[in-house]
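Thanks for asking for a second pair of eyes on this one. Here are my notes as numbered points, to be read with the model open beside you.

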Amino acid sequence: MTLAPAQRTVSTAWTDARLILALEEVVETELDRHLKAAKEWMPHEYVPWSQGRDFDGVMGGDPWAVEQSKVTPLGRISLVVNLLTEDNLPSYHHEIATMFGREGAWGTWVHRWTAEEGRHGIAIRDYLLATRAVDPVALERARMDHMSAGFESDNAHSMLHSVAYVAFQELATRISHRNTGHYSGDPLCEQLLAKIANDENLHMVFYRNLLRAALEIAPDLAMQAIRDVVVEFRMPGHGMPGFERSAAQIAIGGIYNLRIHHDDVLQPVLRHLRVLELTGLGPAGLQAQQELGLFMDGLNAQAVKFDERQAALLARRAAVAGRKAG
Ligand SMILES: [Fe+2]
Ligand SMILES: [Fe+2]
């Protein structure tokens, strides 16, 4: 029997279910590589427990006061954003378990990833409370607010969009933890966040390699997904209380801003996968590739303007500080 052209199109079209099946072998390989690369580490070893003491309330200890914190004001803002983002893990688990499934190699990855991410929230919270780095009451209220709101992925409609998003997002999280540690003012905090950033990097590598395989088997669809995700990218913590205000401080402080987003997050993944040089695309893939290239140029131009504004603001701050000191 000869299939009518319309039927043939339907039978060979990629669906999420077919893509998940087609990528299962790659997931197996990447999972294997990940498990070999990921060294076990103990969150409790990174927390200076000897600095801890009772709080007020049930234990009758001292209430928290900002003078007790050894972390910089910028570090406090960013640590809270990073921790609340990690705290929303149940919602992320739900999103990826629903998308990728809980069976086979995909399921093993989903559960392993969740276990590793769980360690991040535990370690950061233990550090913050033992060292009295941030207000524990405000932190708990923000956690309740943020988790009660839940998190819904912008990309739940498409498997390829989901893979593309997490490839960039894991790298964004890595950079954000690393830079937060760098600006925290506490070497112990920097050490802990560097350890967490290392986990995030391995997550990025897993998804980036998966995205490479997707570009090989479904180049036009994967290219369109990458374009959409890059153009509409926003951090998973965007819904948390006071996010815009915190994000502005984090940007000016040099932890995460347009320049960093362009240079340290988007470009490395796009370059590694040679996304903008990929050949053999169909019309839709080619159009997506061109639009992605234009978007990246525009983003770079925006980042140049941001750099100038940031430099001017920091110079003004330095001048004010100098006048106060003099
Ligand atoms: Fe994490
Ligand atoms: Fe991660």
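1. Let me begin with the surface. The protein exposes about 16,300 Å², and carbon and sulfur atoms supply 56% of that area. Accessible areas come from the Shrake-Rupley method with a 1.4 Å probe, and for residues only the protein chains shown count as cover.

2. A word on ground rules. This is a predicted model, in which local features need pLDDT of at least 70 and side-chain atom pairs count only at pLDDT 80 or more, while totals for chains, interfaces and linings use all residues. Residues are numbered from 1 along each chain as its sequence is written, chains are lettered from A and ligands numbered from 1 in the order in which they are written, and side-chain values use heavy atoms, with hydrogens and water left out.

3. Now the overall fold. The protein has 12 helices and 0 strands, where helices (H or I, at least four residues) and strands (E, at least two) are DSSP runs numbered from the N terminus. With a radius of gyration of 22 Å, close to the 20 Å that the globule rule gives for 326 residues, the protein is as compact as a globular protein of that length. That radius is taken over C-alpha atoms, and the globule rule is 2.2 Å times the number of residues to the power 0.38. Along its principal axes, the C-alpha trace spans about 85 × 45 × 35 Å.

4. How is the chain packed? Of the 326 residues, 48% count as buried; buried means under 20% relative accessible area, exposed over 50%, and partly exposed in between (1.4 Å probe, protein chains only). Residues 24 or more positions apart account for 83% of the contacts with a separation of 6 or more, a contact being heavy atoms within 4.5 Å.

5. On charge, there are 32 positive and 41 negative side chains, and the centres of the two sets lie 6 Å apart. Lys and Arg count as positive and Asp and Glu as negative, with His and the chain ends not counted. The place of a charge is taken as NZ of Lys, CZ of Arg, CG of Asp or CD of Glu.

6. Distant parts of the chain are linked here, with Glu86 in helix α3 (residues 73-87) and His120 in helix α5 (residues 104-130), 34 residues apart. Both Glu86 and His120 are buried.

7. Most residues other than glycine have a negative phi. Arg132, in the loop between α5 and α6 (136-149), has a positive phi near 55° and counts as buried at 3% relative accessibility. Arg274, in the loop between α11 (258-272) and α12 (283-325), also has a positive phi, near 50°, but counts as exposed at 53% relative accessibility.

8. Leu211 lies in helix α8 (residues 187-217) and is buried, with a relative accessible area of 1%. Leaving aside neighbours within four places in sequence, Leu211 is in contact with Val163, Ala164, Ala167, Ile226 and Leu273. Leu266, in helix α11, is buried at 0% relative accessibility and touches Phe168, Val230, His261, Met296 and Leu299, not counting residues up to four places away in sequence.

9. Gln169 in helix α7 (residues 159-183) counts as buried at 11% relative accessibility. Ala301, in helix α12, is partly exposed at 42%; Ala301 and Leu258 are 43 residues apart in sequence and 9.9 Å apart in space, C-alpha to C-alpha.
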